[in-house]
Amino acid sequence: MTAEAAGVFRRTAIERSDQRIAWERTDQAFFAAGACHILAWVCRDSYPDRAIEIAGVREAGGWQVFHVYAVWNGWAFDHSGWNPEPHLLAANTAFEGRPLERVTIVDGLAGFCETHHSRMPDQYWRDPLPRARAYVSRYTPPWT
């Protein structure tokens with residue numbers, strides 16, 4: 001799969017206001033917009049023997065991260081599966097049509113959610129962790 005911009009799957013107003021409707025989107029849409037941070041942390045936790053980092057994308061000079069993904073050795077994992085990180089960044093930059101910057105996320109999931117107004121797993125309509133684990137398992141990591 002080729003890196004695809006998260007914004008392609010941006011939630012509609014009803015998807016933002018109704019957790020059940022947001023939950024019922026395809027896995028790719030769900031993990032591209034609304035639960036990308038959950039997918040990134042599950043990816044990292046799925047491979048404890050690998051030095052997987054969490055990174056985010058934001059508008060250049062901004063503070064609000066709008067997409068989160070896992071990173072290992074120049075490879076990024078998000079809703080598009082594993083892709084070279086520059087491809088993921090280029091896809092998002094082209095879609096957004098403005099300069100973006102990558103930031104390393106050093107907070108844990110709870111800290112990230114608090115700072116960036118994102119949901120913790122228990123704040124979704126259903127538990128997203130099993131869904132994220134299943135999604136991660138669909139993709140062969142680059143180290144295999």
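## Salt bridges

Ten salt bridges turn up in a search of the whole structure, a salt bridge being a side-chain nitrogen of Lys or Arg within 4 Å of a carboxyl oxygen of Asp or Glu. This is a predicted model, in which local features need pLDDT of at least 70, side-chain atom pairs count only at pLDDT 80 or more, and totals for chains, interfaces and linings use all residues. Residues are numbered from 1 along each chain as its sequence is written, and side-chain values use heavy atoms, with hydrogens and water left out.

Let's start with arginine 58 and glutamate 101, whose closest N and O atoms are 2.7 Å apart in a salt bridge. This pair links distant parts of the chain, 43 residues apart: arginine 58 sits in strand E1 (residues 53–59) and glutamate 101 in strand E5 (residues 100–105). Helices (H or I, at least four residues) and strands (E, at least two) are DSSP runs, numbered from the N terminus.

Glutamate 85 pairs with arginine 102 in another salt bridge, with closest N and O atoms 2.5 Å apart. Glutamate 85 belongs to helix H5 (residues 85–96) and arginine 102 to strand E5, so the pair ties together parts 17 residues apart in sequence. Glutamate 85 is buried at 10% relative accessible area, while arginine 102 is partly exposed at 31%; buried means under 20% relative accessible area, exposed over 50%, and partly exposed in between (1.4 Å probe, protein chains only).

## A neighbouring pair and a network

Aspartate 45 and arginine 44 also meet in a salt bridge (3.7 Å, N to O). Here aspartate 45 is exposed at 52%, and arginine 44 is partly exposed at 29%. Finally, a network of salt bridges links Arg10, Glu59, Glu96 and Arg98.
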